[in-house]
Amino acid sequence: MSCPKCRRLELDLEKAEAEGDATKAIDCRVLLRRHPQHDDIPVEEKGSREH
């Protein structure tokens, strides 16, 4: 991701998932969805590739 805010949220999401913090992960996904989609890849699609 080229946007610093998007990248920070993505890193926070990865950390929350790794730690099992579902509440934080949901918060990150919501914030990512509300933030402009600079890379044209919805957050849901990114997560589905990893599972």
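The largest nonpolar core here has eight residues: Cys3, Cys6, Leu9, Leu13, Ala16, Ala25, Cys28 and Leu32. The elements that contribute two or more residues to this core are α1 and α2, and α1 gives the most, with four residues. Please keep in mind that this is a predicted model. As general background, nonpolar side chains in soluble globular proteins tend to be buried together.

Now to the helices themselves. Helix α1 covers residues 4–19 and helix α2 covers residues 22–34. How are the two arranged? Their packing angle is about 160 degrees, and their axes are 8 Å apart. An angle over 145 degrees counts as roughly antiparallel, so α1 is roughly antiparallel to α2. The crossing of α1 past α2 is left-handed.

Which residues meet? From α1 there are Cys6, Leu9, Glu10, Asp12, Leu13, Ala16 and Glu17, and from α2 there are Lys24, Ala25, Cys28, Arg29, Leu31 and Leu32. By type, the residues of this contact divide into eight nonpolar, five charged and no polar.

Cysteine 28, leaving aside neighbours within four places in sequence, is in contact with Leu9, Asp12 and Leu13.

The other is leucine 32, which is found in helix α2. Is leucine 32 buried or exposed? Its relative accessible area is 3%, so leucine 32 is buried, the cut-off being under 20%. Leucine 32 and arginine 8 are 24 residues apart in sequence, and their C-alpha atoms are 9.8 Å apart in space.

Notes
Residues numbered from 1 in each chain as written. Predicted model: local features only at pLDDT ≥ 70, side-chain atom pairs only at ≥ 80, totals over all residues. Heavy atoms only, no water. Axes fitted to C-alpha atoms, helices over the stretch in contact; angles between N-to-C directions. Parallel < 35°, antiparallel > 145°, perpendicular 65-115°, else oblique. Left-handed = near helix turned anticlockwise from the far one by under 90°. Contact = heavy atoms within 4.5 Å. Nonpolar A, V, L, I, M, F, W, Y, C, P; charged D, E, K, R; others polar. Buried < 20%, exposed > 50% of the residue type's maximum accessible area, 1.4 Å probe, protein only. Core = buried A, V, L, I, M, F, W, Y, C linked by side-chain atoms within 4.5 Å.
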